[in-house]
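This briefing goes through selected side-chain and helix contacts of one protein model. Please look over the sequence and the structure before reading on.

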Amino acid sequence: MSKTPVYVIANLLVKDPSTYREYEKGFFPILKRHEGTFLTYDDNALTFEGANPPKGRMIIFMFPSEANAKSWYKDPDYQALSEHRRDATKLEFLTMIHGLPPRS
């Protein structure tokens, strides 16, 4: 598998803020365990061209490799925690994008 970084982009609409906060509390330790880095989120993304993405929260984080991202997502602790996200939000997408390989 690639050793290039990967970025995970999520778009979700928070329907139940208190349940979503339970998800957020547990999210960061699990992300760190898999060497993930939270980059940013935006509740008011601006689209310059094309169809607007669904309204809601856009979230971007990264991992040093595809293997790290996959192990994060498959982590039983994350899957158990993500039930809070599933209950509290309407998820539009959770997508992994490959970064550029290192230049030599």
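The points below cover a helix pair, the aromatic rings and one arginine. The model is predicted. Helices H2 and H3 pack against each other, the structure holds 14 aromatic pairs, and Arg57 has a polar contact with Glu24.

**Helices H2 and H3**

- Helix H2 spans residues 66–74 and helix H3 spans residues 76–88.
- Their axes are 6 Å apart and meet at an angle of about 65°.
- Because angles of 65 to 115 degrees count as roughly perpendicular, H2 is roughly perpendicular to H3.
- On the H2 side, the contact is made by Trp72, Tyr73 and Lys74.
- On the H3 side, Pro76, Tyr78, Gln79 and Arg86 take part.
- Sorted by class, the residues in this contact are four nonpolar, one polar and two charged.

**Aromatic pairs**

- A pair of aromatic rings is described by two values, the distance of the centres and the angle of the planes.
- The structure holds 14 such pairs.
- In the pair of Phe28 and Phe38, the ring centres are 5.4 Å apart and the planes stand at 75°, so the pair is edge-to-face; the cut-off for that class is over 60 degrees.
- Phe28 belongs to helix H1 (residues 17–33) and Phe38 to strand E2 (residues 37–42), so this pair ties together parts that are 10 residues apart in sequence.
- Phe28 is partly exposed, its relative accessible area being 40%.
- Phe38 is also partly exposed, with a relative accessible area of 31%.
- Trp72 and Tyr78 form a tilted pair, with 4.5 Å from centre to centre and 40° between the planes.
- Both Trp72 and Tyr78 are buried, and both belong to the contact of H2 with H3.
- Ring pairs link a cluster made up of Tyr20, Tyr23, Phe27, Phe28, Phe38, Phe61, Phe63, Trp72, Tyr73 and Tyr78.

**Arg57**

- Arg57 lies in strand E3, which covers residues 57–63.
- The relative accessible area of Arg57 is 15%; because buried means under 20%, Arg57 counts as buried.
- The side chains of Arg57 and Glu24 are joined by a polar contact of 3.3 Å.
- Leaving aside residues up to four places away in sequence, Arg57 touches Ala10, Asn11, Leu12, Tyr20, Glu24, Tyr41, Asp42 and Asp43.
- One of these neighbours, Tyr20, is also a member of the aromatic cluster.

Technical notes: Residues are numbered from 1 along each chain as its sequence is written. This is a predicted model: local features need pLDDT of at least 70, side-chain atom pairs count only at pLDDT 80 or more; totals for chains, interfaces and linings use all residues. Side-chain values use heavy atoms; hydrogens and water are left out. Axes are lines fitted to C-alpha atoms, for helices over the stretch in contact, and angles run from 0 to 180 degrees between N-to-C directions. Helices (H or I, at least four residues) and strands (E, at least two) are DSSP runs, numbered from the N terminus. Angles under 35 degrees count as roughly parallel, over 145 as roughly antiparallel, 65 to 115 as roughly perpendicular and the rest as oblique. Contact means heavy atoms within 4.5 Å. Ala, Val, Leu, Ile, Met, Phe, Trp, Tyr, Cys and Pro count as nonpolar, Asp, Glu, Lys and Arg as charged, and the others, Gly among them, as polar. Rings of Phe, Tyr and Trp (its six-membered ring) pair if their centres lie within 6.5 Å; planes under 30 degrees apart count as stacked, over 60 as edge-to-face and the rest as tilted. Buried means under 20% relative accessible area, exposed over 50%, partly exposed in between (1.4 Å probe, protein chains only). A polar contact is a pair of N or O atoms within 3.5 Å; within protein, one must be able to donate a hydrogen and the other to accept it, and residues adjacent in sequence count only if both atoms are side-chain atoms.
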